[in-house]
There are 2 protein chains.
Amino acid sequence: MKAAFLHAPGDVRVEEAPDPVILAPTDAIVRVTAACVCGSDLWPYRGVSKIRRTLAMGHELVGLVEEVGAEVTTVKPGDFVISPFTFSDNSCPSCRRGFQSACDHIGFFGSRDSQGLATVGAQGELARIPLADGSLIVVRAPFDQALVPGLLSLSDVMSTGHHAAVSAEVGPGSVVVVVGDGAVGLSGVLAASRLGAERVIAMSRHQDRAELARAFGATDVVAERGADGIAAISALLGGELADAALECVGTEESMDQAIGSVRPGGRVGYVGVPAGGSRLPIQMLFPRNITVGGGTAPARHYIPELLPDVLSGAIDPGRVFDLELPLEDAAEGYAAMDERRAIKVLLRPAA
Amino acid sequence: MKAAFLHAPGDVRVEEAPDPVILAPTDAIVRVTAACVCGSDLWPYRGVSKIRRTLAMGHELVGLVEEVGAEVTTVKPGDFVISPFTFSDNSCPSCRRGFQSACDHIGFFGSRDSQGLATVGAQGELARIPLADGSLIVVRAPFDQALVPGLLSLSDVMSTGHHAAVSAEVGPGSVVVVVGDGAVGLSGVLAASRLGAERVIAMSRHQDRAELARAFGATDVVAERGADGIAAISALLGGELADAALECVGTEESMDQAIGSVRPGGRVGYVGVPAGGSRLPIQMLFPRNITVGGGTAPARHYIPELLPDVLSGAIDPGRVFDLELPLEDAAEGYAAMDERRAIKVLLRPAA
């Protein structure tokens, strides 16, 4: 099959690789309908996180089940499935509590599964999904193929934006600031709006992203950052600050921005992968009683709740994909996201 | 009047000081029935936090109102009152949300009030309480004088332990670990138990404190610390970890202990004043989805809820006071707490 690999910072190549095969009786092999490039893929692409070996890239996919292992009971060949970005057994204590992203048998694309068996990346023609019964969510046919981007977004960004909002306890009437105008931040805007937030302030200085934020339910857009950004938020809120902030970047600056944007007793939901040096400054949190929660999103937990809204058209999270390319052009997809020419890139293997 | 001052690390003296007087029409003057020494008083006493000037000590008191300013309407001379450890207007947005410890007009004992006027410490014969209507809670007479320690505990430690439990969302059925066996930690045990926790594991290696923890509702006591402590907790819980941990110390080690004691998706309520270098290690929190909340306790918010339980005898938080001394012997009180000969010291001015 063809699949995307990162050899060195900036060096993405689509190459021939062995077709993945069933290695455990709980596996499924999925033929990828669509995959995509994640903001977190840019950390190694930019050399921010160290690359010690060639990386099989991608951790978001939707596709058709081709083959299942002998013990798989809930998915079958021909099923259209969404794979969350982490594999989970969906039965351990953490999974039962809704934290499948901390499953006792967690596994990751392009790395190892819980049995130590190598997995492939999602940016390829085929993928082996360990713990298929626990990991995969079946989308019942028929559905409009135009929904593929929206379904794919549930694999990671929409579920992650939703996790930020849930972790910040966003609900009806909430006043929310969203830090980060990447695909996760924009999904956070949509999630906050869906959960009933009264006011959603998106922080963005890019016109295309600000427009999508408004389409997703942002009531206000603030272009300023740092202390100026906080002053602008306070001006919008009659001198007060927000009930909640969603931190969707993962840098020290973005975390400080989120913490500084909420009122005493407020909450920060954080989902930005802290590869960029994010920290939690307790001296800022303690006197103002700011709660911080979040982390790796349990997409497996949220997809059953979000899926009906995508299928019904109530939400259209697939709009974060503003560039679609054939898998072969993955390198251009990375470059477009790195240079902010695209919010999020959808990759389609040849049919 | 006589009052306690800290001149240098280890150097507490009870000295003559001017009687406080009404400085603003919203003030009250309170004759102190009982005050006490706080664990946080030990930071400057031990030289951990810098002493730049002689400090008027103490921030917890109960007493009788002697005089009120012209604008005070809810307390009157003769009323027995509890003063929270921070002054607040009880009407600003933060106060209305229950975060009086982040009041727009917050003031502190031994420092300045919101108008910039000097305040005295609580470890003295008299105290000026700014914003008396907002700050003070009246205890309706008659009540048993034996309840004075319990009422005094509401001023800080019991409210603070309760805040740790509330911040960690402890409720019926919770499995809770309490880090810290000082007066706040022990109060946290009592608060968790009062809120319906099913299992309360107190971390203590001092027999007297462990005994009081059990009397306060601890179901288990773990003497080990660090990784050994976490292993002991896991063994008690059949291989799992706690739903919630209360961090009641304020050091890096105690925060790591609390974070390491909870399961994925668990919560840490932290109230240990982070003077000792407490930090929030995001790389430990993110993959396990640990939420951290807490900070300076809004005692003013909690006292009306906790007071009836003290008056009825349903809880007896005053048991944290295991040494009572005349105010004159404040220096001995500090030494006893510093050397861990006492859990918490109650000081009584001469009647």
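Two residues are in contact if their C-beta atoms, placed from the backbone, lie within 7 Å. This is a predicted model, in which local features need pLDDT of at least 70 and side-chain atom pairs count only at pLDDT 80 or more, while totals for chains, interfaces and linings use all residues. Residues are numbered from 1 along each chain as its sequence is written, and chains are lettered from A and ligands numbered from 1 in the order in which they are written.

Chain B places 28 residues in contact with 27 residues of chain A. Helices (H or I, at least four residues) and strands (E, at least two) are DSSP runs, numbered from the N terminus. On the chain B side, the elements giving two or more residues are helix 2 (93-96), strand 15 (262-270), helix 10 (282-285) and strand 16 (291-294) of chain B. Strand 16 of chain B supplies the largest share, four residues.

Elsewhere in chain B, three strands form an open antiparallel sheet in the order 2-1-4, where pairing requires at least two DSSP bridges between two strands. Strand 2 (11-16) and strand 4 (55-56) of chain B are the edge strands, each pairing on one side only. Two bridges join strand 1 (residues 2-8) of chain B to strand 4 of chain B; F5(B) has A56(B) as its bridge partner there.

In chain A, helix 6 (residues 183-194) has 12 residues. Of these, 12 are buried, meaning that 20 or more other C-beta atoms, placed from the backbone, lie within 10 Å of the residue's own. After helix 6 of chain A comes G196(A), with a positive phi near 100 degrees.

Technical notes: The expected span of a helix is 1.5 Å times one less than its number of residues.
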